[in-house]
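Hello,

Here is the structure I promised to pass on to you. Have a look at it first, and then read my notes below.

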Amino acid sequence: MSLIGESAAAALQLLLAGDSTLGEITRLSIAVSATATLVAAVIGFPLGAWVALTRSRLRSPFVVCLNAALGLPPVVIGLAVYLLLSRSGPLGALGWLFTPLGMIFAQTILITPIIAALTRQTVEDAHVDLRDWFTSLGMSTWSRMQTLLVEVRFSLVVVLLAAFGRAIAEVGAVMIVGGNIAGSTRVMTTTIALETSKGDLPLALALGVLLVSLVLTVNACAYVLKTKLEARHD
Amino acid sequence: MTELIAPIVSLRRVSFRVSGKTLLEDVSLDVQAGERVVILGANGAGKSTLLKLCAGILEPSAGEISSAPLREQAFIFQRPAILRRSVLDNVRYVLRNRSISEPECSARARLALEVTELTSFAQQPAKTLSGGEQQRLALARAWACQPRLLLADEPTASLSPAAAREVERIIQAVHATGATLIFTTHNLAQAKRLAQRIVFLDGGRIVEDRPASEFFSAPQSGAARHYLEGETL
Amino acid sequence: MNRHCRHLLHFVSAASLALIAFGSPLANAQDTSITVSSTTSTDQSGLFGYLLPQFLKATGIQVKVVALGTGQALDVGRRGDADVVFVHDQPAEEKFVAEGAGVERVAVMYNDFVLIGPANDPAKALGKDIVAGLKAVYNAKAPFVSRGDKSGTHAAELRYWKQAGLDPATEKQSWYRDTGSGMGPALNTAAAMNAYILADRGTWLSFKNRQSLKIVVEGDAKLFNQYGVILVNPKKHAHVKAVAGQKFIDWLVSAEGQGVIASYKIGGEQLFFPNATKK
């Protein structure tokens, strides 16, 4: 019990003190995961919509692959990206290993399947009521994709935030690809892992509380936003 | 001498089967430009299927169909498909889909709203409209496209009598622009008001295909008589 | 402009502003920085946090430390993903240079290992002899935690067992727990299990979760742990920052660098003992 009490006290102290390292770590976490989310959205939204609408024979294998990719362990992705980005690897010339760019690359790979799979589901559901009308208008798959993505835009906000939550909470990929370098690739999750391994549990727990609060706040905002915007329309 | 103009919709010995069930069997039908045709029949007789085949939304299992190109058609569903945008934007959507650019796009959209008496709703989210208003929106979209062929599948089935009459008025206005009209309904009074010609379906086959006045006064088939009695009771 | 286009534009502008505000840590000052791969125990001792700012002030070069196990640290050097390696496993380091992966091994400093155990010392390992201490643990079948991760510490531990003529790892003794983890996590495990464990003094001094553990054997000359620093061979990896990397090595063995190393203390105790050979 005293451990929990100590940690709670430590957490509060940290947050109130506005420690600058803590600020740096938090900013980097948000920057890396937010950028990865945006890039993953650019790929995942159209990909998910296409899979939902296409009648090509590729559809079923694609759906299976997408759903399987949801379960890819971050640490495996981290290892694969590490080997890709190593100077001795195929993409070594980019020089992204042990940098935030490499971390963004790895997290993008991690969350694109999430965005694509959720988008696919959302677009498929919205397509049901509109399919016959689209056919009567002679609409191509591409036009349907555009229209449906706009149609489900409020749900897509929630998809984005779910993906962001997943990215900012993972440790396996960013640890291996970033190297947890003090002052340049250290993020909240890798710091928690580090402090725990050093036996500094109160600090680790404090960071954990901060991270969870961040994710909760982001999700609460998403929920409020979605319900408010939808209420205007439905 | 009869003018040799091709019919706007032509079905030759068309059948439609799905999952082993035959919904339509050996159907042949010609509709000339400007006609007002109503398809009648009991539930499950195949009315919606026949209508969608006429539109070219469904592919037949057998037989040939020639129909007006999709760009010259408009289809009204029993439950209108509404997008999550304003009423005006819903109309502008179908126009932009036909590559009509501003300012003509907005101008035609506003005109369509005037015709359907939806102008006061222009900026409102379309999903907040009542069922009748949404169906009028669907018709506004149809009107805006200036279709040669208007198809409607039980367009007033879920509407109040007042709303239904509003919808009928707009349908007649579309027809007045020279469009051909094919629709299905359960409402015999409506059929009597609007039809020039009745196509009666029973068990997936066309059993009667006659001018409306003849059909209602002297139905030839037992199925039709049975249907008319049932509906008027 | 269409309402949706406007919304999208607002969103993109907001996202860009947010990224600029939050994203400045993403823009790394790449100009003068080198990557050094080292070990978790060295990093967690706090030495780098103390040493590197002084190096930065002296030379303007930023050092980014990737902290891993010795095996992995050398591997990173082999792959060319670091400019300099800084570890404490002489045989492995010499092999690294012999393979051509590194230019030259330079001795920098040493620290020592200590045998940690439960306060009540059930195996009666207390003393000044590490081999005797391990024999006592073996005979008492007392719980023992091994790092098992090819690190310098793990290599040292295996050496001492060999010197005692014992091999609990291969014999798969049940009291011998191979955790495959870094120094910190292994200490956590030992604290939770009330077990014996070989640790480097640096990590032990900084370790905050001791519970009922204490030092049981220390001061044996065999326990000294020599550190070496090696420049990754620029002939093998052309992009290696050889000039800046060499500056780091030169500074570490210079009078100034050696002085900084000696002045690093935890709780008033010196951790690392500089021993670069004067040229």
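**The sheet in chain B**

Strand β1 (residues 9-18) of chain B pairs with β4(B) in the antiparallel sense, over four bridges. Two strands count as paired if DSSP finds at least two bridges between them. Strands (E, at least two residues) and helices (H or I, at least four) are DSSP runs, numbered from the N terminus. Within this pairing, Ser10(B) stands opposite Ser66(B) in β4(B).

Before you go further, please keep in mind that this is a predicted model, where local features need pLDDT of at least 70 and side-chain atom pairs count only at pLDDT 80 or more, while totals for chains, interfaces and linings use all residues. Residues are numbered from 1 along each chain as its sequence is written, and chains are lettered from A and ligands numbered from 1 in the order in which they are written.

On to the other partner: β1(B) and β2(B) run antiparallel and are joined by seven bridges. Phe16(B) has Leu24(B) in β2(B) as its bridge partner. The hairpin of these two strands has two residues between them, and Ser19(B) there takes a positive phi near 50 degrees.

Put together, the strands form an open sheet of three in the order β2-β1-β4 (chain B), with antiparallel pairing.

Contact means that the C-beta atoms of two residues, placed from the backbone, lie within 7 Å.

**Beyond chain B**

Chain C has twelve helices and twelve strands. Chains B and C do not touch, and their nearest C-alpha atoms are 9 Å apart.

Enjoy exploring!
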